[in-house]
Each structure stands twice: as C-alpha cells, then as structure tokens.
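Please read it beside the sequence and the coordinates.

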Amino acid sequence: MISNQLYDEQKVKDVAMLAGKILLESGAETYRVEDTMTRIAEYYGLHHTHSFVTPTAIIFSLNDKSSTRLYRVSDRTTDLEKISEVNEISRAITSGKVTLEAAKMSLDVLDKANIQFKFWLKVLSSGLVSMLFLFMFKGHIQDALPAFISGLVGYYICEQIGHYFKIRFFAEFAGSVAIALIAIGFVNYFFSSSIDKIIISGVMPLVPGVPITNAIRDMMAGQLIAGITKGVEAALTAFAIGAGVGVTFIIFGGIS
C-alpha cells in the first residue's frame, strides 16, 4: 500500500469505477466487482470505501466526505477474457508494477476493445457444441446433422433478434422455436429418430450456464439482491426456451 504519496482521489475513483464497469458488463460476479474496486482504492491509501453493485448499476464512494458515483449498466455479455484482463491490471496496480495513469490508459483501451470471437465462428461453434451434446446424451449418428443445424440456426436467430429487442426473452423464445421446428421437420420428413435429444442438444448453447453459476456464487458470497436477480434472469431464460419449444409443439403437433 502507498502511504507516502498523495493521489488525486478523483483519478483513483475513475480507475476503480472503470475497472468495475468493465467487469460487470463482461458478466463478472458482483462480489468480484466490489472487491476489485476496494482493493484498488486501498492500495492508494483510501480505506473504508463504500460500494454497492447490482447487475444493472454500480454505486461507489471513497469515504463519507467524497461524492458518490453512480454508473448504470444496460448491456451485459459474457466476456471471460476481459474479466481476466481487468484482474491482471488490478494485480499490477496493487503490486506497484503500473502507475495510476498507465492503469487508466490500459483500462480505457480494454473498455473500447472488441476481443470476442467473430460472430460466424460463434454461430459455427454453437452447431458443433450442439452436435457434441447429442453424442453426450447418447443420441444416434443420424441425429447429428439436425442437432448441428438446429443449434447453429437457433443461436443465429437468437443473436440477430437480440440486436433489435432489448428484452432477451423474445430472442430466446424465437431461437427455441426455430430449434423445435428444425427437429420436427427432420424427424417427420427425413431420417432422424430422436426428436427429444435433437431439441435438448440444440438448446444447449442458449442455456444460461454462466448466469446460473454467478447467481449461486453471489448468493454464497452474501450478495443476496444480485444473486436473486441473476437467478430470476436465468429462470426467465429457461422459461423462454421451454415456452418456445412447447408453443411449437402445440401449433405443429410434433411428430405426425
């Protein structure tokens, strides 16, 4: 910890808030966000900070006399690489390897960077993942192609609709409808046999695995509001997937 130097509290707050913003927008747990901001502030001799983080907002204050900052988070995704990069910068700060200005510059670059995989690669990977899940569920080889196509198309539709609707429920609902329609079509008119395994495999890329895990970890860390919120969000996603498949079967009757 630095004790013999004076630092601009506003600059410290800028760095801490930016680190927290990147973490929260990248899908990190709320207790990780609070812990990172606190550690950065403590390294510069600013103890007894106050932070309150929810999945949609960051509230942070250095002490009772400083002004409180609020940052709203509207867009969240899962970007484990950015989370890892912020953790590395935070460790570099607390070990004295980088200056406050250099850390701010690195975080600014990271915040603006788009380091996710290409969209076409994510779509292709969704199809491959669905096909591999089919084999894990002991599906038949003739169901591999429909599982691949359903997973690919379902993820593509979900992401495309997600760009136009802020409410993810509609995107996930549409993606699961497409998966169910493809499975029904292959079983009714081609050589496929296990409609249940095709659908289950196809929806796996849409399943909110990370939000469920984060919800449990936040609850265990005592972040009850964030844990419950993320758990409800994951439950709504699961409901959207199930509703899409169920509505499709009601309308089209499943297997003829």
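1. The second largest pocket holds about 210 Å³ of space. A pocket here is an open set of points on a 1 Å grid over the protein atoms alone, where a 1.4 Å probe fits, with protein on both sides within 12 Å along at least five of seven lines; lining residues have an atom within 4 Å of a point. The volume is the space filled by probe spheres set on the points.

2. The model is predicted: local features need pLDDT of at least 70, side-chain atom pairs count only at pLDDT 80 or more, and totals for chains, interfaces and linings use all residues. Residues are numbered from 1 along each chain as its sequence is written, and side-chain values use heavy atoms, with hydrogens and water left out.

3. Helix 2 (30-43) and helix 3 (80-94) each supply at least two lining residues of this pocket; helix 2 gives the largest share, 7 residues. Among the lining residues are Tyr31, Arg32, Asp35, Asn87 and Arg91. The lining divides into 2 nonpolar, 4 polar and 5 charged residues.

4. Serine 126 lies in helix 5 and counts as buried because its relative accessibility is 6%. Leaving aside neighbours within four places in sequence, serine 126 is in contact (heavy atoms within 4.5 Å) with Gly151, Leu152, Tyr155 and Pro205.

How values were computed
Helix = DSSP H or I, 4+ residues; strand = E, 2+ residues; numbered from the N terminus. Buried < 20%, exposed > 50% of the residue type's maximum accessible area, 1.4 Å probe, protein only. Nonpolar A, V, L, I, M, F, W, Y, C, P; charged D, E, K, R; others polar.
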